Amino acid sequence: MNVFHDAATQVQCESIAQWKKDGKPVVGYTCSYAPAEIFYAADILPYRLRGIETDGMEVGDTYFGPFICSFPKCILQLAGKGKFSFLDGAIITPGCDGMRRLDECWRKAGEDIENIVPDYFYYFDVPHKSENHGMAWYIEEIKELIKSLEAHFKVSISKEKLTAAIKEFNKGRRLLGEVENLRFQQDIVVSGTDVFAATVAGTVMPRDEYTKELKKWVTALKKRKTALNTGKHRVMLVGSISDEIDLFELIEDTGKAIIVGENLCFGIRYEGSEIKEHGDPIEALAKHYLGSSVCPRMYGKYKERLALLKERIISSQAEGVIMQNIRFCDLHGAENALFERDLEAMGIPCLRVEREYGPHIDAGRMKLRINAFLERINGSSKTAKKTKSTEEMFVSA
Amino acid sequence: MRPAIQEYNYDWLMGRTLKAAAGVPLGTKKETELTYRYIPYYKNVAKSFIDAGDPGLQTLAMLAKYYENILTAKAQGKKICATTFCNSPVILYAMDIVPVTFEILTAIGAMVWKRGMFDYMDYCCEIGMPETSCSSQRGALGAVLGGLSEKIDMVICDTPGVCDTNANAFAFASEYLDKPFFQLNYPSSIGDDRSQQYHIDDYKEMIKFAEQHSGNKLDYDRLAEVLKEVDKQDAMIADLEDMLMLKPTPVPPMYNLALYAGRFCFSGHTEYTKLLESMVKTAKEYAAAGISGLKNGEEKLRVFMCYIDHYTVDVNFYNYLEERGIAHVGSILTRNFKGDNKYVKEMPGSSYSIDTSTPDAMLDSIAQMNARLPMVRSIRGPYDKKGMWLEESLVCAKMYDADCVIYNGTPGCRNTWGMVKPFARDIEKHGYPCHIMYDDAFDDRVESWEATKERLDEFFKIRGLL
């Protein structure tokens with residue numbers, strides 16, 4: 001487990017350092033709509049950019065305006081401080097307005113601070129719809145990205161290599177699926193913090209090593225007998241992007257709750273389904289990454305996302321949902337309000353909270369809100385136990 | 001929302017206000033002056049338009065008509081579509097659907113009422129929209145979500161890929177009200193074959209959606225008529241744009257507002273044609289006499305607003321420009337990217353043309369025109385790439401001989417606040433003093449107009465401009 005925690009809590013963990021020592025390139029990417037399999041197929045390490053280890057904001061605040069989410073600001077801060085100097089490339093995606101402007105801010109910061117912009121700097125244009133021409137556009141974007149990587153890194157990304165990459169990533173998806181099943185049990189043997197660390201690690205570690213470690217970990221988990229959830233409430237964590245293990249710890253360290261599922265940009269939601277291993281690999285990747293519509297950037301798909309969330313609440317027997325949004329993240333802020341309206345109507349207690357990303361300066365306030373919410377669930381659970389289960393509540397609603 | 005506010009249907013309230021305002025100047029001068037006593041709350045804004053002469057009166061009449069259309073839509077069996085300013089209403093008119101453009105209605109309310117649209121903006125937050133979302137939608141949207149407006153039947157927006165907070169407001173409205181939703185989505189580039197085709201494919205889907213939810217088939221003969229009217233209007237806009245280049249410019253600051261308000265409300269409609277005719281006529285008379293469009297007759301400074309203007313109570317911003325002798329040489333909202341405009345020649349691939357010869361040609365024309373409306377044309381991609389915001393702003397600042405460039409928006413405008421600092425620095429590098437306004441164009445609570453005015457004065461003084 002330590003290997004996952006190390007990878008999840010350090011900008012550059014040991015296995016990345018080793019990868020670099022072997023002379024192999026690392027390319028950072030900002031958004032879950034960038035198919036990591038493409039990089040793997042070119043023997044490039046795909047590295048999901050995170051904002052952890054930020055201890056100031058002077059670079060982020062210099063280039064971004066004041067009304068911008070702290071997550072892209074933290075990434076820019078780290079870039080400006082040279083923490084991403086190990087990157088050979090970066091790919092910016094229009095996941096949201098804040099993240100897409102990282103493109104300009106990073107490049108412009110590079111005019112003032114030497115050597116902070118990787119040689120390979122690419123804008124990957126992901127559409128906001130997955131039907132017909134939206135999907136066709138995305139497939140074309142993937143092909144362009146492949147061409148660009150091949151030209152810059154002097155590599156070849158064949159269909160066979162892409163299929164092999166999909167197969168390798170699917171192994172990890174299947175293993176994470178097994179972990180999810182363990183979380184759905186009555187007695188839960190793994191904490192939400194550990195599961196999240198394992199999924200975040202998957203976005204930065206070399207994939208072969210990751211799959212190997214994951215397999216070992218899952219085998220060990222299956223042998224565990226001690227339930228960690230005795231006397232604790234089962235909660236889900238959803239909302240704005242988060243790569244913060246300490247946010248999970250904040251909730252689980254109350255001693256009153258265990259996180260049984262999350263719907264975050266980092267985390268299990270993208271690993272939930274396998275990618276087709278037969279047929280055209282580019283189409284398979286496109287259908288998986290663009291077609292799943294799990295992010296509120298895909299406007300008009302709220303009902304699909306609500307259905308997914310409900311399904312997950314039922315499977316994990318969650319008693320409540322904590323919905324957080326980073327300030328200025330309107331997409332999740334507004335969607336959380338709709339989730340809250342619809343889930344509360346079905347009898348699922350919800351906590352909606354706005355926060356800042358980065359060093360947890362408002363940890364005390366968050367703790368207070370979370371504790372109050374858990375007390376509320378405590379009251380609701382006592383009443384609900386006398387009446388209906390979570391699934392029954394959904395059915396009757 | 002306060003119970004007192006909930007007592008009134010907002011559309012009816014504002015519709016009647018505008019109708020009354022449009023009627024104020026119809027009497028004698030003495031009657032008009034006397035009437036002002038009875039409308040203390042919107043006297044200043046009515047007076048500002050009335051004092052602007054015939055174009056001002058036409059603007060008031062046009063806005064009153066816009067509301068009348070909304071208020072009578074249901075009685076006429078027409079569907080109402082909530083949409084955004086950068087989605088042309090032309091197609092909706094061609095399909096006999098009544099558009100409700102949130103940003104326009106918010107701007108009107110903000111200019112007319114001393115308390116602005118605060119109650120409605122805050123209502124959106126009461127029911128869950130983040131307070132950090134854009135005020136330009138939240139004003140009118142608050143009334144819609146609160147059930148204080150005419151009921152909308154469908155929602156169409158075209159800002160995904162350009163402005164999250166705009167698109168998000170429309171997506172939220174659709175879910176909250178359980179109304180059908182369609183998004184036109186723009187790629188990050190413009191002018192290349194791939195983007196052009198995407199615009200057409202997406203637009204065709206939008207037409208299918210509008211047909212399905214209105215029950216009206218697109219009538220291509222009607223579309224041709226509307227597009228021909230647009231063509232005529234574009235030519236007059238080009239005339240006004242040309243006259244903005246004159247020194248002194250004969251175009252009064254308020255005409256900028258009327259120009260784009262008309263386009264967002266009544267593109268392809270004769271109401272807008274009449275307004276443009278009136279503005280062109282007056283401006284040409286000023287030009288022939290070699291006089292400035294400013295009331296005091298002296299042009300001391302030329303300002304290019306690289307984004308939007310300021311719309312709070314009493315049209316303060318435009319009156320401020322008049323008082324200081326500052327010519328307004330346009331904003332991102334003024335510009336029109338029809339192929340024969342002078343500035344588009346500096347930006348290859350940026351323009352559109354209108355061809356009504358066949359249905360396909362019309363669809364191509366309207367899709368490309370729509371993709372070149374303000375914001376969706378030049379804020380879609382990285383600001384310093386070909387055809388994007390920096391290039392557009394520099395071309396316009398140069399062509400209109402601006403003395404400085406000013407950014408104004410709303411705190412909700414994530415797409416520009418994400419990069420406006422390096423953008424402003426690049427503008428400065430090209431020799432234009434650049435000022436970033438930190439107010440909210442629709443909400444004086446963020447920064448009072450007095451403070452905004454002080455900061456503008458300070459900028460002009462420190463940079464030696466005035």
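**Entry 1: confidence**

I started with the scores, as one does with a predicted model. Chain B has an average pLDDT of 95, and 100% of its residues reach at least 70. For the complex, the predictor reports an ipTM of 0.96 and a pTM of 0.96. I kept a reminder for myself: where pLDDT is low, the predicted coordinates should not be read in detail.

**Entry 2: where the chains meet**

Next I looked up the interface. I found 37 residues of chain B in contact with 37 residues of chain A. Which elements of chain B give two or more residues to the side that touches chain A? I noted helix 10 (164-177), strand 4 (181-183), helix 11 (193-214), helix 18 (414-417) and helix 19 (420-429) of chain B. Helix 10 of chain B gives the most, with 7 residues. By class, I wrote down 18 nonpolar, 11 polar and 8 charged residues for the side of chain B that touches chain A.

**Entry 3: the parallel sheet of chain A**

In chain A I traced an open sheet of 4 strands, ordered 6-5-7-8, with parallel pairing. Strand 6 (257-263) and strand 8 (350-355) of chain A are the edge strands, and each pairs on one side only. Ignoring direction, neighbouring strands of this sheet are turned against each other by 25° on average.

I then followed one pair through the sheet. Strand 5 (residues 233-239) and strand 7 (residues 320-326) of chain A pair in the parallel sense over 5 bridges. Opposite Gly239(A) I found Gln324(A) in strand 7 of chain A.

**Entry 4: helices 14 and 15 of chain A**

Here I checked a helix pair. The axes of helix 14 (residues 302-316) and helix 15 (residues 330-345) of chain A come within 11 Å and cross at roughly 55°. That angle is why I logged helix 14 of chain A as oblique to helix 15 of chain A. The crossing of these two helices of chain A is right-handed.

For the residues that meet, I listed Tyr302(A), Leu306(A) and Leu309(A) from helix 14 of chain A, and Glu335(A), Leu338(A), Phe339(A) and Asp342(A) from helix 15 of chain A. The contact has 5 nonpolar, no polar and 2 charged residues.

Strand 5 (residues 301-305) of chain B runs parallel to strand 6 of chain B and is joined to it by 3 bridges. I looked up the bridge partner of Leu301(B) in strand 6 of chain B, and it is Ile326(B).

**Entry 5: helix 5 of chain B and two partners**

I took helix 4 first. The axes of helix 4 (residues 43-51) and helix 5 (residues 54-72) of chain B come within 5 Å and cross at roughly 130°. That makes helix 4 of chain B oblique to helix 5 of chain B. Phe49(B), Ile50(B) and Asp51(B) of helix 4 meet Gly56(B), Leu57(B), Thr59(B) and Leu60(B) of helix 5 in chain B. I counted this contact by class as 4 nonpolar, 2 polar and 1 charged.

How do the axes of helix 5 and helix 14 (residues 270-289) of chain B cross? They come within 9 Å and cross at roughly 165°. Helix 5 and helix 14 of chain B are therefore roughly antiparallel to each other, and their crossing is left-handed. Among the residues that meet are Gln58(B) and Met62(B) of helix 5 and Leu275(B) and Met279(B) of helix 14 in chain B. I recorded 5 nonpolar, 4 polar and 4 charged residues for this contact.

Most residues other than glycine have a negative phi, and most peptide bonds are trans. I noted one exception of each kind. Asp43(A) has a positive phi, near 60°, and sits in the loop between helix 3 (37-41) and strand 2 (45-48) of chain A. Lys247(B) and Pro248(B) are joined by a cis peptide bond, with omega about -5°. Pro248(B) lies in the loop between helix 12 (220-245) and helix 13 (253-266) of chain B.

Terms used
Residues numbered from 1 in each chain as written. Chains lettered and ligands numbered in written order. Predicted model: local features only at pLDDT ≥ 70, side-chain atom pairs only at ≥ 80, totals over all residues. pLDDT = per-residue confidence, 0-100. Contact = placed C-beta atoms within 7 Å. Nonpolar A, V, L, I, M, F, W, Y, C, P; charged D, E, K, R; others polar. Axes fitted to C-alpha atoms, helices over the stretch in contact; angles between N-to-C directions. Parallel < 35°, antiparallel > 145°, perpendicular 65-115°, else oblique. Left-handed = near helix turned anticlockwise from the far one by under 90°. Pairing = 2+ DSSP bridges.
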